[in-house]
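Student: I have the sequence and the model open side by side. Could we go through it together, one piece at a time?

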Amino acid sequence: MIMKEEEEKYQWAAWLDDQVSDAELEQLRQDPDYAVMEKIKSYTAALRTPEFEENALLLRIQNKQRQSGKVRRLFIKQTLQWAALLLVFLGLGMGYTITRTESEITTSGESLSFQLPDDSEVQLHAGSELTYKSWNWDSNRHVSLQGEAYFKVAKGARFDVKTSEGNVSVLGTQFNVKVRGNRLEVTCFEGKVQVATASEKIILTPGKTLAYDQQKRLFFHTTDALQPAWIAKELAFEKEKPQDVLAELERHFDITIKAPAFPKNELFTGKLPGDSSEAAIQLLAHSYHFKVVKINDRTYSLDATP
């Protein structure tokens with residue numbers, strides 16, 4: 001991600017100096033920040049040192065030298081070079097500010113609460129990452145999400161959450177987005193949410209939950225919940241693969257679960273406690289008639305019962 005930010009930064013810097021190809025220019029025009037960058041470029045151009053009329057200037061200096069008897073050496077070209085160099089540095093600095101990406105990351109067993117530039121609130125679940133650009137935020141409110149997050153969006157322009165499995169768009173509301181592997185799950189708690197995948201667009205109203213797996217709809221129904229289960233120290237699953245449930249427990253509790261013989265196709269629906277790893281594992285294992293063997297404080301094994 002860092003390398004991508006560096007490439008983007010220098011690409012904008014090259015554009016400011018008119019050193020990009022037609023293909024690169026067309027690519028930059030697709031960027032949401034292009035209109036703002038054009039304004040910056042026009043203002044930067046206004047700061048450039050005007051061209052000198054060297055011959056006329058030298059003639060005036062020579063005449064003045066004859067009158068005063070003093071000789072002064074002018075480094076006109078050097079001055080212009082320094083001015084050009086200053087503009088390049090200004091362009092690089094401005095390009096870095098515009099293209100810089102902010103990232104919030106949580107590891108296994110960790111959650112994080114923070115605010116976006118417009119005071120929208122985000123709670124990031126374990127093993128997740130959210131990125132965004134703070135530059136021109138009020139006009140371009142969009143974030144990229146890997147993992148799970150609960151949003152309380154401040155009123156304002158359109159707000160977009162981009163994921164690998166589809167995009168979620170709102171104007172100001174409360175909703176939860178979870179994307180793990182090829183599965184996307186969205187729940188609206190307030191306002192309206194638009195979910196757009198490669199196959200369809202659907203509007204969610206308060207209490208509606210929608211889930212896809214590999215772009216295929218799993219379910220679309222009403223929930224009585226007022227907030228995501230994980231905020232209330234519970235882990236809720238609906239029609240999820242057992243291996244995905246195990247992976248979620250590992251992320252949430254920062255543990256390791258060894259279960260090579262655990263079922264792979266018997267989907268799990270239910271709630272597990274989010275404040276006790278042992279209780280959650282025991283309940284899940286009991287549902288599939290497996291027994292739990294505790295290897296150490298952070299490692300468990302699930303074995304099939306005879």
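Predicted model: local features only at pLDDT ≥ 70, side-chain atom pairs only at ≥ 80, totals over all residues.

Student: Is Trp 135 buried, exposed or partly exposed?
Tutor: Trp 135 is partly exposed because its relative accessible area is 27%, and the classes are buried under 20%, exposed over 50% and partly exposed in between, with a 1.4 Å probe and protein chains only.

Student: What about Asp 118, where does that lie?
Tutor: Asp 118 lies in the loop between strand S2 (112-115) and S3, and it counts as buried because its relative accessible area is 15%.

Student: Which side chains does Asp 118 have polar contacts with?
Tutor: The side chain of Asp 118 makes a polar contact of 2.9 Å with that of Ser 120, and another polar contact, of 3.4 Å, joins it to the side chain of Trp 137. A polar contact is a pair of N or O atoms within 3.5 Å; within protein, one must be able to donate a hydrogen and the other to accept it, and residues adjacent in sequence count only if both atoms are side-chain atoms. Setting aside residues up to four places away in sequence, Asp 118 touches Trp 137, Asp 138, Arg 141 and Ala 154, where contact means heavy atoms within 4.5 Å.

Student: And Ser 128, is that one buried or exposed?
Tutor: Ser 128 is buried, with a relative accessible area of 2%, and it lies in the loop between strand S3 (121-124) and strand S4 (129-132).

Student: Which backbone atoms lie by a polar atom of its side chain?
Tutor: For Ser 128, a polar atom of the side chain lies 3.1 Å from the backbone oxygen of His 125, and the backbone nitrogen of Glu 148 lies 2.9 Å from a polar atom of that side chain. Not counting residues up to four places away in sequence, Ser 128 touches residues including Glu 104, Gln 146, Glu 148 and Arg 180.

Student: Changing topic, which residues touch the most others in the largest nonpolar core?
Tutor: That core has 28 residues, and those touching the most other members are Leu 116, Leu 130, Val 143, Phe 151, Phe 159, Phe 175 and Val 193. Strand S5 (residues 141-152) gives the largest share, four residues. A nonpolar core here is a set of buried Ala, Val, Leu, Ile, Met, Phe, Trp, Tyr and Cys residues joined through side-chain atoms within 4.5 Å.

Student: What is Phe 151 in contact with?
Tutor: Leaving aside neighbours within four places in sequence, the contacts of Phe 151 include Leu 130, Val 143, Phe 159 and Phe 175. There is also a second, separate core of 23 residues, which includes Trp 230, Phe 237, Phe 268 and Leu 284.

Student: What is the phi of Gln 215?
Tutor: Phi of Gln 215 is near 70°, a positive value in a residue other than glycine. Gln 215 lies in the loop between strand S12 (208-213) and S13, and it is partly exposed, with a relative accessible area of 26%.

Student: Last topic: how many helices and strands are in the chain?
Tutor: The chain has seven helices and 18 strands, and of its 306 residues, 40% count as buried.

Methods:
Residues numbered from 1 in each chain as written. Heavy atoms only, no water. Helix = DSSP H or I, 4+ residues; strand = E, 2+ residues; numbered from the N terminus.
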